[in-house]
Amino acid sequence: MRLVLALLLVISAAGAAVAQADAPPATDLIADQQRIILGYQQQTDELEKRIARSLDDDTKLVEIRVDLEAIVGSVLKSGQAFRPRLSEINARLEQLGSPPADGTEPAIVTAERQSLIAEKAQINALLGIAEGLAIRINGLLSRIADIRRDLFASLLTKRYDINVKLFTDFAREFSVETAKFWRSVAAWLSFVVQYKLPSVLAATFFAVAAAALLLIGGRRLFGRLIEPDPSVRAPSYLSRLSVAFWSTLLPSAALAVFFVAAYFFYAYYEVLRGDIGAYLASLFYVAGVVYFVYRLARAVLSPSRPNWRLISVETRPARWLLFLVVATAFLTGLDDFLSDVYGVMGSPLSLTVGESLISTLLIGILVILIARVRPFVDPAGNPLPWHPVLRYGLTLLGAATMIAAGLGYIGLARFVSQQIVVTGAILATMYIGFLSARAVSVEGAFAGTSLGARLDRWLNLDDTSLDQLSLGLSMAINVLVLAIGVPLILLQWGFQRADITAWAYDLASEISIGSVSFSLIGVLTGVLVFVIGYFLTRWFQGWLDGSVMARGRVDTGVRNSIRTVVGYAGLAVAALIGVSAAGVDLSNLALIAGGLSLGIGFGLQNVVQNFVSGLILLAERPFKAGDWIVAGSVSGTVRKISVRATEIETFQRQTVILPNSELINAAVGNWTHRNRLGRVDIRVNVAYGSDVRRAHAVLLEIANNHPMVLKNPEPFVLFSNFGTAALEFEVRVFLADIFNGNVVQNDFRFAIMEAFAREGIDIPSTPRADVKLFPEKEQADEEGEAAKAPATLTPEPGAKPDATRKRRKKPDPD
């Protein structure tokens, strides 16, 4: 037995060795990962040195942090690469078990166990190195966060001495540095005119063309939404919001495109020097911000058109507010531009401090003046101030800016003044966006807009669909406002682009719950893909119905069936693509599909039966929309065929929702299956003793003379039966449109009555039986009369019969 067991172990070990020989060598995996992890260590060492060289540069610190976070993710993935191999090693060691105590184990098995243990030790050592590297990187990330926090705090809390010497140095250095700046700019302009004038003109032309293309195209597309219509005396709030939004966004975007394109082409044609490029970038940024604030304030206040204002202020305060807001933005932009210029030129610190001190003091005064404006009036015409919260808040901000600047905290004063202008403009724009979203979501408001009218014309949407679309559009506007506004505010509050990019990457990364992984960005992408697929399906339905089938003169019912099938197929495809775009692995839904199939088998039989029946009806088309069908006790016109039920409208205008399974499993009559040709039967009774030949001729003449009766097949009058009380005739006529049957029958009956009256042909009526209301009283009266009569009931011979005796009624001829 020992020999047999040893032989089996040798065979299994040999098989495992052969399998491992076919697999890729494990040493290659260890060597590759070791090389990768050592490379990450070297990158981390270099980044740590860069941290020491960038202790006062927040932008570089953010870039280093992004690189470190990328390395951490790669290190974690490198560690996960060992998991399959570790699982294989542990499974194999468990199969081999512990070495026997008596030492009778074959050498090949012992060698394999030792090799696996050594390999596992190497993997664990590398995992330890990776874990230590990850801990080190996390420590560096914490250090960068502390350095950045200290930099921001020092920027806001650093104090400068405000004294007479500062102003003296500022006055002297200002004239010197201004002259130096103008000489630098003049020298560059002279160089450009002499050597680079064609390049500058070409670059400017391309920039103007790009901006003009956006502006002209936007005006053609949104022409009525950019400028207010003076002929409209009372525009809706949604119209005012739309005009304010587009009149701010489109010109500002066109100016931004001009600045970006001009800077790009100047750099492409090598027109810019290093210092001139920095000056021009700062100037473009400041001019763009000031122009945006101007357009926004002008759109909100609308000094020249009171009926288009978003806030109900008076005309004179509106003009004064526009001036104050633009002046505040201009001073803030000028302060930022001069600070950049002095930084590039290497000007003395006193010049920057003095310039920022003057700018922040003036900005504080302007903010207080804005708070002091009385823009409203009461019913008596007296001016009213802002809401106390806004008035006191603006006053506090202006006073804080002036006090901080006066105490020497120039960095804090500049920070507050910049947030008042830039962050205030962003918040105002976001507020307009939120108001627009709320106005769009109002029931019936979106249908009255130009976009709603276009969608209605393109997609043939009803009011309910437009209202539902307006809710989705409102949510999309809110999300878009937050997605654009929040990052802009964070940039103004000291965060870097790399910070926002890293947060966006974290949002885009996968979130795992069990075996299912998804991400917020993936979910939003899936929803967006589904919405796009839905609208593409609706557009394709409209194009197929209106352009293809309508020109081909396809039957209305066929068009309706094809539209329905295309709609359901498009929605199914859009849903599948949306789920796949969301990052959901459809194979993970196998268990859910199994549970659904079990539920379908027990609880959803009727639903599935109706669904399959609906597909059969749409495919076989035993009837179509517009057909007149009879299903059991229901008779009417088919209005809509869906996958669950069919909508039938009776001739009493009652809508009946009939499950599709009943239309498949029961007999259904269709009066208009192939065409609308149909036969109408009118029954007529003629009294006994009438001239039946004449009656037959009269009925046939009436049928032939009616304009709606077809000549082929020709009308026919049938002498159908000898009734108990009348001779029964039946007029059978064919109509081109069976829906005119009631009209034809009505005309026939009037014509028959008139013709029979003219010809003397009687139409019998059913005889009515005598109704006795008091039978007991009538019987008693009859008995009393009999008692008074003579005793002899038999008449004497030769006597005439009593005239009052009833004659025997002749039987009716049957």
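Me: Start with a cut-off: buried means under 20% relative accessible area, exposed over 50%, and partly exposed in between (1.4 Å probe, protein chains only). Why is glutamate 173 called buried?

Reply: Its relative accessibility is 16%. The limit for buried is under 20%, so glutamate 173 counts as buried. This is a predicted model: local features need pLDDT of at least 70, side-chain atom pairs count only at pLDDT 80 or more, and totals for chains, interfaces and linings use all residues. Residues are numbered from 1 along each chain as its sequence is written, and side-chain values use heavy atoms, with hydrogens and water left out.

Me: What makes glutamate 173 and arginine 172 a salt bridge?

Reply: The rule asks for a side-chain nitrogen of Lys or Arg within 4 Å of a carboxyl oxygen of Asp or Glu. Here the closest N and O atoms are 3.9 Å apart. Arginine 172 is partly exposed, at 44% relative accessibility.

Me: How do you know that glutamate 649 and arginine 653 form a salt bridge?

Reply: Their N to O distance is 2.6 Å, and the limit is within 4 Å. Glutamate 649 is buried, with a relative accessible area of 17%. Arginine 653 is exposed, at 64%. Shared partners matter elsewhere: salt bridges join Lys165, Asp169, Arg172 and Glu173 into one network.

Me: How many salt bridges does the whole structure hold?

Reply: The search finds 21. One of them pairs glutamate 48 with arginine 136, with closest N and O atoms 2.6 Å apart. Glutamate 48 lies in helix H2 (residues 26–53) and arginine 136 in helix H5 (residues 107–157), so the pair ties together parts that are 88 residues apart in sequence. Helices here are DSSP runs (H or I, at least four residues), numbered from the N terminus, and strands are runs of E, at least two.

Me: Why are glutamate 48 and arginine 136 called partly exposed?

Reply: Glutamate 48 has 28% relative accessibility. Arginine 136 has 30%.

Me: What makes a group of residues a nonpolar core?

Reply: The members are buried Ala, Val, Leu, Ile, Met, Phe, Trp, Tyr and Cys residues, joined through side-chain atoms within 4.5 Å. The largest core has 26 residues, and Phe181, Tyr266 and Val341 touch the most other members. Helices H6, H7, H9, H10 and H11 each give two or more residues to this core. H10 gives the most, with six.

Me: Which residues does phenylalanine 181 touch, leaving out those up to four places away in sequence?

Reply: They are Tyr279, Phe337, Val341 and Met345. Contact means heavy atoms within 4.5 Å. Apart from this core lies another, of 24 residues, including Val733 and Phe748.

Me: How do you know that serine 252 is buried?

Reply: Its relative accessible area is 13%, and buried means under 20%. Serine 252 sits in helix H9. Beyond four places in sequence, serine 252 contacts Tyr291, Phe292 and Arg295. A polar atom of its side chain also lies 2.7 Å from the backbone oxygen of threonine 248.

Me: Why is leucine 536 called exposed?

Reply: Its relative accessible area is 52%, and exposed means over 50%. Leucine 536 lies in helix H18 (residues 520–549).

Terms used
A polar contact is a pair of N or O atoms within 3.5 Å; within protein, one must be able to donate a hydrogen and the other to accept it, and residues adjacent in sequence count only if both atoms are side-chain atoms.
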